[in-house]
Amino acid sequence: MRLRTALLLGGLLPPLLAALMAGTLSAGFVQRNALQEARANLSHDADSVLALLDEISETLAVHASVAADRRTLAQALADQDHAAADTLLERARRNMTSVGTDIEQLEVVLRNGSVLASTMGEAARGRFRVDLVSAPAAVGEADANAFTRIIHDPRTPGSLMLAGNAPVIHAGEHVGWISLIRPVNAAFVADISRLLRRDLLLVSSDELLAGTITVNPDSLFRQWHGPSQPGPLHMMLAGERLITLYRHLNIPGSDLGVLVLWPQAEVDRPGNLAVGGIVLSVLFVLFLLIPAVAFLGTRLAQRLRTLSQALRELGEGRPAVSLSHFGMPAIQELRDLRLAVERFRENLAERERLTERLTWMANFDPLTRLPNRSLFQDRLHQALVAAARDGRTIALLCLDLDRFKEVNDTLGHAAGDQLLRRVAERLQLCVRGSDTVGRLGGDEFSILMPTLERPEEAEMLARRVIGAIALPVELEGKHVEIGVSVGIAVSDGSHEPGMLQQEGDVALYAAKAEGRGIWRFFEPAMNEAQRRRRAMEAALHEGLKHHEFRLVYQPQVLLETGRVMGAEALVRWEDAQGNRHMPSDFIPLAEDTGLILPLGEFVLAEACRFGAARPALRVAVNASAVQLREPRFAQTVERILRETGMDPAQLEIEMTETAILQDVDNVKANIRRLRRSGVKIALDDFGTGFSSLSHLRQLEFDRIKIDRSFVKDLADDGEARALVRAVVSMARAVGVELVGEGVETEAQAEALRQEGCHEAQGYMYGRPVSAEEFDRQQLDQGRLAAAV
């Protein structure tokens, strides 16, 4: 029997195996060729989409440039005549429609970004076009270039439009823009699809906008993780297997792109035909083998059953087993074996999936999908080893987001997480393919450049990163602006990873200390500066703990009579060693560390006690941006007023324009509550910031203080005098009083009087002194008695 089986298998199995092998190789070859051809065609189609969109964008920009040359439109923009602009735009739209262009809407926009007129009606007029204000063109010059942007449709939330923008020049000056607009929607995608005869999806990094097939967005983004997967990708969408390829649109400021779709069935068709031929061949061979296999299968099944029965009986303790009398068995034994193997395979696959998931979680940040601290440190170590071995230079960029905490505090952690994902996407677009972007925790990121030809490459990357992060991000319907500071450390491989990371952090602290939104290379001297900063921070904690801070007061007088109307409270610090620290040194540090809140509360309480003892005197207290952003700041002021017994009308809170702009909503809420309580609000250092009349009207200040830089040259400089005159006009327009700062001479005081300023403050009237000295000086000069 064994000989017959061996002869049968030896004669028939080789031809069967040869046929199967040849067919499999042939089918695989056909399938690979079909796949390569599909990917090549897909890449060609994707490039064609980009070329077509570039042509559409260029056409819009060219039409916009032609329309911008019309003198009547330039005159309407210069005059800000929205009625004339509306008429001109409607006429231009009808003309363009009549000649068969795809341009559907037009807008004219003032230079400040406000829409003057639009064919989209009242929904668009007056809104702010941030894409024009932050445009890279040479704004304000006669030769500024036209450009294209993706904008939001004001009539339909979530809808996008492609706008060709061109500067409008009147009398050699840039007065605004004209925008020619085409909707970016399903019809837009369908038009492109018809030209290419290929299905498309229009996507952003986290949203499906339109497509020629109906796709579940959740299914799409489970399989496609955004622009970080630029190559061909196999997906299952709308019940069909597809090969996709992503291309990002060449439109600055936009994260839109297209996914070009190719059905997998078209790729599989040649292979399926080959497989069909193989199946026919195998069936023919099997026809010859069936009788032999049936015979051998029966005999094998009988023996397997006999053996199984014998093993069972042996397990039951019956050693005398006869194997010759068992009948014809069923094939249950083979089925059990298959199920056992299947269970083993499933368990093994599940174990591999869990291992892969655990490995990913150990090396990547789940929020941004960037390498985490562990993986980043490993790559940094490998880069240092390679640099030392090959004589290369590497760079480490340490990044920290500016004003990120404000987003978390005002919009919530969900918005903060969304912002971190956007930042991660922008960072990946800034770097080279060989670089590594990692999230080390919180709002801290790092970039590793494993090859560096010259240090300027790290500087160029830092500039790109700062520019990319500075672009506004829309979160929950609000435009949020943050920044980033960058510290750069360079190594030839002689550093340990921890040492290089520390140098990058020191350079980052130096960048943040110099104003944020900038970059700095590590220098050895920075270690000393960092040591001094840490020492200052420790001393600041001790100073608050041991009450080393005190207040001094500088008088504010009425210019016409010289009568003392108020006093500004200023904080001074002399530590236990007798060292006197300037406010310009310790106030910024207190703001960075959060110590400004307890320090500010101490200053406010001391000033209110001073004012409560002098009920006829107005007391001005400076509030930092950190205090103003604190949601409960107004409640803290009200509590201190109650505890000290000071009249709220005596207290004046001073703030700068920069502090207002950092978190307008919280600042507005605090100001309005304080005003309802009777507290006065003053705008400090006016003229050094944005000096916006709209801020004065919206926030209802009681007093503005003209910065000392304008007062210094007031008596001799006609330009400084003209600027002060303009400030006085603005103050009168909104009904607020003025205080001139830094008055040191009678000539400066007289110039302020002539221009209509009410009050003055400066060394001419008194230096900042203690409360006791303030009373003595004013009594000696007869001013305090007059005030009381």
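The sections below take these topics in turn.

## Basis

This is a predicted model: local features need pLDDT of at least 70, side-chain atom pairs count only at pLDDT 80 or more, and totals for chains, interfaces and linings use all residues. Residues are numbered from 1 along each chain as its sequence is written, and side-chain values use heavy atoms, with hydrogens and water left out.

## Nonpolar cores

A nonpolar core is a set of buried Ala, Val, Leu, Ile, Met, Phe, Trp, Tyr and Cys residues joined through side-chain atoms within 4.5 Å. Buried means under 20% relative accessible area, exposed over 50%, partly exposed in between (1.4 Å probe, protein chains only).

The largest nonpolar core has 68 residues. Leu651 and Ile653 touch the most other members. Helix 16 (residues 596-612) gives the most to this core: eight residues. Helices (H or I, at least four residues) and strands (E, at least two) are DSSP runs, numbered from the N terminus.

Leaving out residues up to four places away in sequence, the contacts of Leu651 include Leu604, Cys608, Val619 and Lys680. Contact means heavy atoms within 4.5 Å.

## Cysteines

The whole structure has zero disulfides (pairs of cysteine sulfur atoms within 2.5 Å). Cys398 is buried, at 2% relative accessibility. Cys430 is also buried, with a relative accessible area of 11%.

## Positive phi

Most residues other than glycine have a negative phi. Gln80 has a positive phi of about 55°. Gln80 sits in the loop between helix 2 (71-79) and helix 3 (82-98).

Arg403 has a positive phi near 70°. Its loop runs between strand 11 (394-402) and helix 10 (404-411). Arg403 is partly exposed, with a relative accessible area of 33%.
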